[in-house]
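I opened my notebook to look up a few things in one model. Here are my entries.

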Amino acid sequence: MKYLAFILALMASPALAQDKMTVMLDWFVNPDHGPIILAEELGYFKEAGLQVEVIAPADPSDPPKMAAAGRADLAVSYQPQLHLQVEGGLPLVRVGTLIATPLNCLLVLEDGPIKSTADLRGRKIGFSVAGVEEALLTTILGRHGIALSEVELVNVNWSLSPALMSRQVDAVIGAYRNFELNQMEIEGVPGRCFFVEDEGIPAYDELIYVANPERMDMDMIRRFLHATERATQYIMNHPRTSWEIFSATSTELQDQLNEMAWADTYPRFATRPAALDHGRYARFERFLLDTGLIEIETPVAGLALDVNAQ
């Protein structure tokens, strides 16, 4: 009886309990989410005492709203959008980083008429998300004395590379250098990226984890970030094996585009996902203020935090 009591007590031990956690992605599962998927597949979440439910959104605008409403513990989102969401009153804060560099670029046809961003005057430029992308364009064009009113903006509704390849537009902003560029290569219509950070835009974190600061479980988030940090280290050390583990989770991932995207993406994963660069967030906030996209400058503490410093 004592032995049975001991076993039952051990089974009920908090050390064996798994805290349930919901993480909403920014889009369907793709190589951008490598550390999350690998942390699950390698058992790092389990070792951290976490049972993580990963959800792909029906609408890519939903994840931050779900996190703000407390319907997801974490959401994968974008640093540029975070600044606007906080300005708009959404209760969100960055608690970690997934992709630590910009992926966004201004994409053109390699054999097209745009040889430099100075050639954009009078051209059609496709976009998917209003707001931040207009601010990026204003800055890129302004370096050459071109006003935003001197180009024609065309909402291509997430169909960025097809709109460019069909020559519906002369360039697109918001294309990801790890996806759309590869997609065009596969289609036999080579493209060329003008990287936003080379065109006067302050560097920023492309993909981040956001949470509601009033509702979040700090300890659970710390454990999540530590598990994804371990997964990132594994990916850096074993990129090919990691791709095989990642792609084995879904037949939809097992194609040339995703394999090429993996090779271009994994070097950009945040190796210290909990670490916070205060200057980076302050600079981007000032950039948005200067471009008129926000009216009030929010201190970094109102935008992002280092959960390990709390």
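I sort residues first: Ala, Val, Leu, Ile, Met, Phe, Trp, Tyr, Cys and Pro count as nonpolar, Asp, Glu, Lys and Arg as charged, and the others, Gly among them, as polar. The model is predicted, with local features needing pLDDT of at least 70 and side-chain atom pairs pLDDT 80 or more, while totals for chains, interfaces and linings use all residues. Residues are numbered from 1 along each chain as its sequence is written, and side-chain values use heavy atoms, without hydrogens and water.

**Cavity.** I looked for a cavity (on a 1 Å grid over the protein atoms alone, a set of points where a 1.4 Å probe fits but cannot get out; lining residues have an atom within 4 Å of a point). I found 1 cavity of 30 Å³ or more. The largest cavity has a volume of about 40 Å³. Its lining divides into 6 nonpolar, 3 polar and no charged residues. Among them are Pro35, Tyr209 and Phe269.

**Asn178.** Is Asn178 buried or exposed? Asn178 counts as buried because its relative accessibility is 0% (buried is under 20% relative accessible area, exposed over 50%, with a 1.4 Å probe and protein chains only). The Asn178 side chain makes a polar contact with the side chain of Thr265 at 2.7 Å (a pair of N or O atoms within 3.5 Å, one able to donate a hydrogen and the other to accept it).

**Disulfide.** I counted 1 disulfide (a pair of cysteine sulfur atoms within 2.5 Å). The disulfide joins Cys105 to Cys193, S to S 2.1 Å. These cysteines are 88 residues apart, linking distant parts of the chain. Both Cys105 and Cys193 are buried.

Note on methods. 1 Å grid on protein atoms, 1.4 Å probe; cavity = no way out; pocket = protein on both sides within 12 Å on 5 of 7 lines; lining within 4 Å. Points joined across faces, edges and corners; volume = space filled by probe spheres on them. Helix = DSSP H or I, 4+ residues; strand = E, 2+ residues; numbered from the N terminus.
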